[in-house]
Amino acid sequence: MPGLWERARALSFAGAHGAAALVYRKCLERFGGKDAYAQHYLGFNLDRAGTEPAAAEGGFREAIDLDPGNPWWNGRLVTSLIGHAQFLAARREWRNALTRVDPDGERVGKDDWLARHVHRWVVEGWLDHGQVELAREAFDAIPPELVTATPELALLEQRLFDAEEARTLGESVYPASTPVSARWNAPRLVPERAKSGAGRRAWYPGRVLDSQRDGVMLVFAVPAKDPT
């Protein structure tokens, strides 16, 4: 009954995830539970609805059991686990997913779709939850040349570098949009000499945290007095 499937997809795309999950359940009841696509979207819509996390995970796992090598099901299970702060399980499932989808690590270099639609979302999930080391672990599975050639991945690398720097320093000193290659070399806005002719004595990288009518809050880095 094609109309039932179309209704489920339309509800999902419209953001009516609870209603979409109900229709996907009807699809599976009527046509059998051996449809990986429907199992996956049942899990996806339950996950987005936030009402039945265990059933959502079960839908993803059932889809993987039916179609183990599909990148979409595998990636969605990992990002769902990250979203529910099940970090140990998510890391384990990410490794399992790579084994199922790209066991020799060659597919990701031949198909940028895999990196853009699976690796990227896993890395962003880790970053969204402050798990910088795990984000780096997942990102390093993407070949560097693919990162350079793919705008979405290059932006993701910038975000990852920024998060790593903030973790090291305890705070983001530069705006996140500032390319890493443009940091720490020289001031971007302060000239060598003022209009009066006075030379610049020192500079400190920093950014505006907040501004109010009565003041501006800044964060900036200063060199250590003893470099050693």
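Visitor: Why is Trp113 called partly exposed?
Guide: The relative accessible area of Trp113 is 30%. Buried means under 20%, exposed means over 50%, and partly exposed lies in between, with a 1.4 Å probe and protein chains only. Trp113 therefore counts as partly exposed, and Trp72, at 22%, does too.

Visitor: What do these values rest on?
Guide: This is a predicted model, in which local features need pLDDT of at least 70 and side-chain atom pairs count only at pLDDT 80 or more, while totals for chains, interfaces and linings use all residues. Residues are numbered from 1 along each chain as its sequence is written, and side-chain values use heavy atoms, with hydrogens and water left out.

Visitor: What makes Tyr24 and Tyr41 a stacked pair?
Guide: The structure holds 5 aromatic pairs. For Tyr24 and Tyr41, the rings are 5.9 Å centre to centre, with 15° between the planes. Rings of Phe, Tyr and Trp (its six-membered ring) pair if their centres lie within 6.5 Å; planes under 30 degrees apart are stacked, over 60 edge-to-face, and the rest tilted. Tyr24 lies in helix 2 (residues 17–31) and Tyr41 in helix 3, 17 residues apart. Helices here are DSSP runs (H or I, at least four residues), numbered from the N terminus.

Visitor: How do you know whether Tyr24 and Tyr41 are buried or exposed?
Guide: Tyr24 has 1% relative accessibility and Tyr41 has 12%. Because both values fall below the limit for buried, both residues count as buried.

Visitor: Why is the pair of Trp72 and Trp113 called tilted?
Guide: The ring centres of Trp72 and Trp113 are 5.6 Å apart and the planes stand at 35°. Trp72 belongs to helix 5 and Trp113 to helix 8, 41 residues apart.

Visitor: How do you know that a charge sits over the ring of Trp121?
Guide: The charged end of Arg120 is 4.3 Å from the centre of that ring. The term requires NZ of Lys or CZ of Arg within 6 Å of the ring centre and within 35 degrees of the ring normal. The 4.3 Å is inside the distance limit, so Arg120 passes that part of the test.

Visitor: How is the lining of the largest pocket divided?
Guide: It has 6 nonpolar, 8 polar and 5 charged residues. Ala, Val, Leu, Ile, Met, Phe, Trp, Tyr, Cys and Pro count as nonpolar, Asp, Glu, Lys and Arg as charged, and the others, Gly among them, as polar.

Notes: Helices (H or I, at least four residues) and strands (E, at least two) are DSSP runs, numbered from the N terminus.
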